[in-house]
Amino acid sequence: MRIKTGIFVLLSLFSCSLLKAQNKMTSTDSEIKVLVLFNTEHGGTYKMAKEMAAGIEKLPGAKAVLKQVPRIKPLENEVKQDFANIPYATIDELPEYDGIAFGSAVHFGNMSADMRYFLDQSVGLWTAHKLEGKPATVFMSAGSGAGREGAILSFWNTLAVHGMTIISPGIMGTSEIDKSIPQGNTVFGASSLAAAVDGNRPSKGELHIASLQGHALAKAAKGYQLTKKDIPPLSASPASGSPKPGRIEAKLKALNIQLPDAPAPVGNYKPFRISGKQVFINQIALKAGKVEHPGMIDREVTEEQAKQATRQTLLNILAVLKQAAGGDLDKVKQAVQLTGFFYTAAGYTKHAVLMNEASNLLVEILGESGMHTRATLGASSLPMNSAVEIQAIFELE
Ligand SMILES: Cc1cc2nc3c(=O)[nH]c(=O)nc-3n(C[C@H](O)[C@H](O)[C@H](O)COP(=O)(O)O)c2cc1C
């Protein structure tokens with residue numbers, strides 16, 4: 001009898017853990033990640049973004065990630081705002097999500113300049129078909145509400161050019177909201193009338209529509225997730241089989257190098273500029289939003305750390321170069337020139353030793369096409385206390 005009971009307990013434990021493992025597998029498989037990407041100045045769009053995220057997460061297995069669009073010009077007193085701790089997104093992370101909700105203030109019947117500038121960096125994603133089919137939706141915070149429908153519709157143009165699937169709330173939820181006060185919602189997307197005299201905006205009704213819209217986006221994102229693996233995009237399925245990985249990508253893989261996300265600009269400039277066939281890029285030693293090994297070389301920073309910072313700077317340059325080349329480093333014909341600046345004291349002479357780290361890595365990756373002319377200089381300080389800055393010029397095919 002005792003033996004029988006023991007076997008029963010063991011079997012129950014076994015089947016219980018099997019069930020748990022199965023459940024875990026199912027929930028991981030069915031998890032979707034939806035980005036709520038917003039730009040705000042006074043916080044109205046942020047309040048709507050939070051409600052949009054709440055609506056997304058009402059779908060079981062859906063996770064909403066709130067991120068801000070980087071600013072062209074820093075916002076005074078941003079640190080005091082309740083959205084200060086929401087991280088900034090990079091353009092390269094957009095393909096990672098199963099759906100994206102875009103939120104912006106209405107500026108003269110349009111999206112904000114920060115949002116426009118951010119989306120203008122998506123050319124590489126566009127030419128590489130990275131956002132095709134991905135569900136997207138738009139919500140906005142307006143003042144008086146002037147031009148808010150036009151603002152959402154003109155926002156859709158960019159999403160349509162990317163081939164994204166646009167989700168609109170239509171009239172969902174409108175029968176449930178208080179019609180005795182003006183409500184900002186539109187059939188194209190939730191919106192708020194921040195300048196309404198009753199104050200306390202977004203109103204409950206406006207937030208309600210944002211939540212329903214988020215939920216509708218999550219459902220579409222779920223459908224996208226279920227089909228994106230099974231049906232490869234037409235452009236990626238030539239009759240001869242699956243496309244071969246690029247030559248340089250294969251080289252990076254062989255060297256076990258993963259390029260970082262291209263750092264977003266922190267001012268009113270572009271990460272790269274193409275003039276004729278030449279690409280111009282400048283980078284410092286940013287790694288995941290922070291400077292790697294900041295400080296003066298031979299004072300706060302050892303020679304070894306300065307070499308690591310140099311390597312990181314070169315990888316940032318290659319990440320931006322990849323964007324400039326439409327996502328395909330094979331389109332880089334040759335490196336032309338590298339100029340390395342190192343934060344050093346007067347009298348320092350080993351710049352070339354540090355810069356070799358960048359030169360060698362570039363030639364290792366690009367081969368003969370990576371050979372370049374070079375200049376190295378000492379500087380009495382560099383942006384964000386970086387130990388190194390590199391200017392690079394490449395030629396595209
Ligand atoms: C440059 C600028 C242009 C604006 N244009 C409009 C507009 O065309 N229509 C409107 O309703 N509100 C307009 N507004 C008001 C903002 O849309 C409104 O203050 C919004 O709630 C700000 O969103 P936020 O709280 O997320 O910063 C404008 C504001 C600025 C700064």
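**Exercise: the contact of H2 and H6**

Task. List the residues of H2 and of H6 that meet, and sort this contact by class.

Solution. Begin with H2, where Met-48, Glu-51, Met-52, Ala-53, Ala-54, Gly-55 and Ile-56 take part. Their partners in H6 are Leu-207, Ala-210, Ser-211, Leu-212, Gln-213, Gly-214, His-215, Leu-217 and Ala-218. Contact here requires C-beta atoms, placed from the backbone, within 7 Å. Sorted by class, the contact of H2 with H6 has ten nonpolar, five polar and one charged residues. (Nonpolar: Ala, Val, Leu, Ile, Met, Phe, Trp, Tyr, Cys, Pro; charged: Asp, Glu, Lys, Arg; polar: the others, Gly among them.)

The model is predicted, and local features need pLDDT of at least 70, side-chain atom pairs pLDDT 80 or more, while totals for chains, interfaces and linings use all residues. Numbering starts from 1 along each chain as its sequence is written.

**Exercise: the geometry of two helix pairs**

Task. Give the angle and the axis distance for H2 with H6, then for H8 with H9.

Solution. Two numbers are needed, because packed helices are described by the angle between their axes and the distance between the axes. For H2 (residues 44–57) and H6 (residues 204–228), the angle is about 45° and the axes are 7 Å apart. H2 is therefore oblique to H6. (Roughly parallel is under 35 degrees, roughly antiparallel over 145, roughly perpendicular 65 to 115, oblique the rest.)

Now take H8 (residues 303–324) and H9 (residues 351–366), which pack at about 40° with axes 8 Å apart. From H8, the contact uses Ala-306, Lys-307, Thr-310, Arg-311, Thr-313 and Leu-314. From H9 come Leu-354, Met-355, Glu-357, Ala-358, Leu-361 and Leu-362. By class, H8 with H9 gives seven nonpolar, two polar and three charged residues.

Task. Decide for Ala-101, Lys-322 and Ile-393 whether each is buried, partly exposed or exposed.

Solution. Count the other C-beta atoms, placed from the backbone, within 10 Å: 20 or more is buried, 12 or fewer exposed, in between partly exposed.

- Ala-101 lies in strand E3 (residues 99–105). Ala-101 has 32 C-beta neighbours inside 10 Å, so it counts as buried. Apart from neighbours within four places in sequence, its contacts are Val-34, Val-36, Met-52, Thr-137, Phe-139, Gly-214 and Leu-217. The C-alpha atom of Ala-101 is 9.7 Å from that of Ile-56, 45 residues away along the chain.
- Lys-322 is placed in helix H8. With 24 other C-beta atoms within 10 Å, Lys-322 is buried. Leaving out residues up to four places away in sequence, Lys-322 touches Leu-259, Gly-327 and Leu-329. Gly-124 is 198 residues from Lys-322 in sequence, and their C-alpha atoms are 8.1 Å apart.
- Ile-393 belongs to strand E13 (residues 388–396). Its count is 17 C-beta neighbours inside 10 Å, so Ile-393 is partly exposed. Beyond neighbours within four places in sequence, Ile-393 is in contact with Gln-278, Phe-280, Val-336 and Gln-337. Ile-281 is 112 residues from Ile-393 along the chain, with 6.5 Å between the two C-alpha atoms.

**Exercise: backbone exceptions**

Task. Locate the cis peptide bond from Arg-201 to Pro-202, and state the phi of Ala-288 and of Met-384.

Solution. The bond from Arg-201 to Pro-202 is cis, and its omega is near -5°. Pro-202 sits in the loop between strand E6 (191–193) and H6.

Next, the phi of Ala-288 is positive, near 50°. Ala-288 is in the loop between strand E9 (286–287) and strand E10 (290–291). Its 9 C-beta neighbours inside 10 Å make Ala-288 exposed.

Last, Met-384 is not a glycine, yet its phi is positive at about 55°. Met-384 falls in the loop between strand E12 (373–379) and E13. With 12 other C-beta atoms within 10 Å, Met-384 is exposed.

**Exercise: the chain in totals**

Task. How many helices and strands are in the chain, and what percentage of its residues is buried?

Solution. The chain holds nine helices and 13 strands. (These are DSSP runs numbered from the N terminus: helices H or I, at least four residues; strands E, at least two.) Of the 397 residues, 40% are buried. For contacts between residues at least 6 apart in sequence, 78% join residues at least 24 apart.

Technical notes. Axes fitted to C-alpha atoms, helices over the stretch in contact; angles between N-to-C directions. Contact = placed C-beta atoms within 7 Å.
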